[in-house]
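Welcome, and thanks for taking a look at this one with us. Here is the structure to keep in view as you read.

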Amino acid sequence: TGFLCGMIFTSATLRLGVKGIALSLAALMPQGLFYAAGYAVLLLALYYYPKINWNFQKTIAVFLAICIGVALECYMSPVLVKIILKVF
């Protein structure tokens, strides 16, 4: 995911300059924060596995973070991209 994000930012910057950076941020940032939070909970639980057991609260936290990320990707990202395209 990080590699793909870097490729998108690089190609958008090379083709569109500052507009490409703003467009990439608007397209990837809102949902990316929630995806990163959900994956962080999962990876930290896996890293500290013998000390920390997986429980229902962690399952709900990861599920909600991913669901909020999906909802933002569906509803907020297109609106932000349209705003950025109108500004530039």
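This is a predicted model: local features need pLDDT of at least 70, side-chain atom pairs count only at pLDDT 80 or more; totals for chains, interfaces and linings use all residues.

Residues are numbered from 1 along each chain as its sequence is written, and side-chain values use heavy atoms, with hydrogens and water left out.

**Helix packing**
- Helix H1 (residues 2-16) packs with helix H2 (residues 18-47) at about 150°, their axes 6 Å apart; helices are DSSP runs (H or I) of at least four residues, and axes are lines fitted to C-alpha atoms over the stretch in contact, with angles from 0 to 180 degrees between N-to-C directions.
- From H1, Cys5, Ile8, Phe9, Ala12, Thr13 and Leu16 meet H2 residues including Ile21, Leu25 and Leu28, where contact means heavy atoms within 4.5 Å.

**Nonpolar patch**
- Ile21, Leu25, Met29, Leu33, Phe34, Phe56, Ile60, Phe63, Leu64 and Ile68 make a nonpolar surface patch of about 920 Å² (residues with over 30% relative accessible area and no salt bridge, nonpolar side chains joined within 5 Å and like charges within 9 Å; areas by Shrake-Rupley with a 1.4 Å probe; a salt bridge is a Lys or Arg side-chain nitrogen within 4 Å of an Asp or Glu carboxyl oxygen).
- H2 and helix H3 (56-87) each give two or more residues to this patch.

**Around Lys58**
- Lys58 is found in helix H3.
- Leaving aside residues up to four places away in sequence, Lys58 touches Ala45, Ile52 and Asn53.
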